[in-house]
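Colleague: I would like to go through the labels used for this model and hear what each one rests on.
Modeller: Here it is.

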Amino acid sequence: MKKELEYTKEQLESFINHHMDAVIITDLEGQILRVNEAYEKVYGWKSHEVIGKKYYDIAGAFSKDVHENIKKTVAEKEAINRVEVVRARKDGSLVDLRITISPIFNGKDELVGLSGVCVDISEAKKAKQELDLLHRKLKESELKYRTLFEYANDAIYLLEIGSDHFPARFVEVNEAGCKRFGYTREELLSMPCHGIIPSDSDIVQKTVEEIRNGNLSFTLQSQFTFKSGEIKKLEYSGKLFNIENKKVLLIVSRDRTEYLKTEELLQKSEKLAAVGQLATAIAHEIRNPLTAIKGFMQLLTEKASKEELTYMNIISSEIERIEMITDEFMSVAKPQAVTFQSIDLQLLIQQVILLLQPQATMKNIFIELNSYGEMPFVYCESNQMKQVFINILKNAIEAMPSGGEIKVELRKKDNNHIHIQIIDEGVGISKERIKHLGEPFYSIKEDGIGLGLMICFNIIQQHKGTLSIESEVNKGTSVEICLPLD
């Protein structure tokens, strides 16, 4: 038995000495009886410096009262398990520990001492704090990303790309993207791409071409017709990358429709400014010599022979054309003061038709005026409105070299507006050229200067109305004017 006790003691000594964690053994009064090498490494105290001392006095561990509470707890054969504490080392630095305190009983089941195992958790705790900080930053980053993604004004899509380089399905989409397509997020994520964006559409074909060319990022412009029938001009940027061995494409799409309209308006306004500057400079320079030429032409006409008179009339006609162009320039550069009053628009149009009827008859053109219902008076400037109808009807007559019919229709669309439609059977205008009509210096006539329609658009705009033109080549043109009654 003595040998067995010695063997057991040797095993216990070996266990304590080679334990990787700090081990401390005390009597019931808290006096340190034994510490191992790990204790010396953790606390910085050598064994001979602490043995015989009260452990609660070493580096101010805790009070004697706490020791008494510990003793009472373990006396009931209950170990104090894995309590996390902060203790001071010999050099004053702090160390995070996880302590387990267990009772030591003798052969008579009497409590004779305490054993403590102290695990240094400083690195683990530091790692946990760093991990917690990383998780917190990730959550904050995710929240920022989600906020940016969801509330962005631009439409954002994440698309899975198939083996054929075509978009296969939506992986993610933000609220702006859902609104643009007119579907809910759940609908978009459950539908194949070709069910929403046709594979033969310009926007898909351009994207596939970029992917096939090996471009990982690109910016393109395209036009797309959405489910609502609305046509938008889009600028979209694409970024290609891999997620979980799947090729995905991040698309950020911006609606450029209004921007391009604004840009066109800006270009028009710049042209108008140029027109004004040119008009002021040119008109006065032309008018002075023109007056002298007209005076001498009148004197020469009185003495001219019959043959010479023919040439004189041609020259006079060309002088009148120069005057007309000058007047148009001046009306742009220096608009006249206008006086609005209630007028009978139907009567005004009849007067214009009567004025142009001889010119129309010479080209075998019949102008027909139809009004549907009782026409109320319109609050406008009569001379300006005459100029609008003269310009439009002259354009219609000149567009019908083979003759035909021009219809002028008036109708009251609602209680606040009147519509005037002028329909000819002329040569028509291509879609590419229609969008430029009304711009200064742009004309579809061989000898036109592009100011007539521009002045018409300006006058109608001043009257808070609208002017629109629809045309088809070789079938004719329809000009519709909408004017407010008040």
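Colleague: How many strands form the open sheet, and in what order?
Modeller: This is a predicted model. In it, 5 strands form an open sheet, ordered S12-S14-S15-S17-S16, with mixed pairing.

Colleague: What makes S12 and S16 the edge strands?
Modeller: Strand S12 (365-372) and strand S16 (466-472) each pair on one side only. Between neighbouring strands of this sheet the average turn is 15 degrees, direction ignored.

Colleague: How do you know that S15 and S17 are paired?
Modeller: Two strands count as paired if DSSP finds at least two bridges between them. Strand S15 (residues 417-423) and strand S17 (residues 476-484) are joined by 7 bridges, and they run antiparallel.

Colleague: Which residue of S17 is the bridge partner of Ile422?
Modeller: Val479 is the partner of Ile422.

Colleague: What lies across the sheet strands, and at what angle does H11 run to S12?
Modeller: Helix H11 (residues 345-362) lies across S12, strand S14 (404-412), S15 and S17, and its angle to S12 is about 170 degrees. Helix H12 (residues 382-398) lies across S12, S14, S15, S16 and S17, and runs at about 170 degrees to S17.

Colleague: Why is Asn364 called exposed?
Modeller: Exposed means over 50% relative accessible area. Asn364 has 60%, so the label applies. Asn364 sits in the loop between H11 and S12.

Colleague: What is the phi of Asn364?
Modeller: Asn364 is not a glycine, yet its phi is positive, at about 60 degrees. Most residues other than glycine have a negative phi.

Colleague: Where is Asn474, and what is its phi?
Modeller: Asn474 belongs to the loop between S16 and S17. Its phi is positive, about 70 degrees, although Asn474 is not a glycine.

Colleague: Is Asn474 buried or exposed?
Modeller: The relative accessibility of Asn474 is 64%, so Asn474 counts as exposed; the cut-off is over 50%.

Colleague: Why is Leu134 called partly exposed?
Modeller: Partly exposed covers the range between the buried limit, under 20%, and the exposed limit, over 50%. Leu134 has 45% relative accessibility and therefore counts as partly exposed. Leu134 is placed in helix H5 (residues 122-151).

Conventions. Residues numbered from 1 in each chain as written. Predicted model: local features only at pLDDT ≥ 70, side-chain atom pairs only at ≥ 80, totals over all residues. Heavy atoms only, no water. Helix = DSSP H or I, 4+ residues; strand = E, 2+ residues; numbered from the N terminus. Buried < 20%, exposed > 50% of the residue type's maximum accessible area, 1.4 Å probe, protein only. Axes fitted to C-alpha atoms, helices over the stretch in contact; angles between N-to-C directions. Contact = heavy atoms within 4.5 Å.
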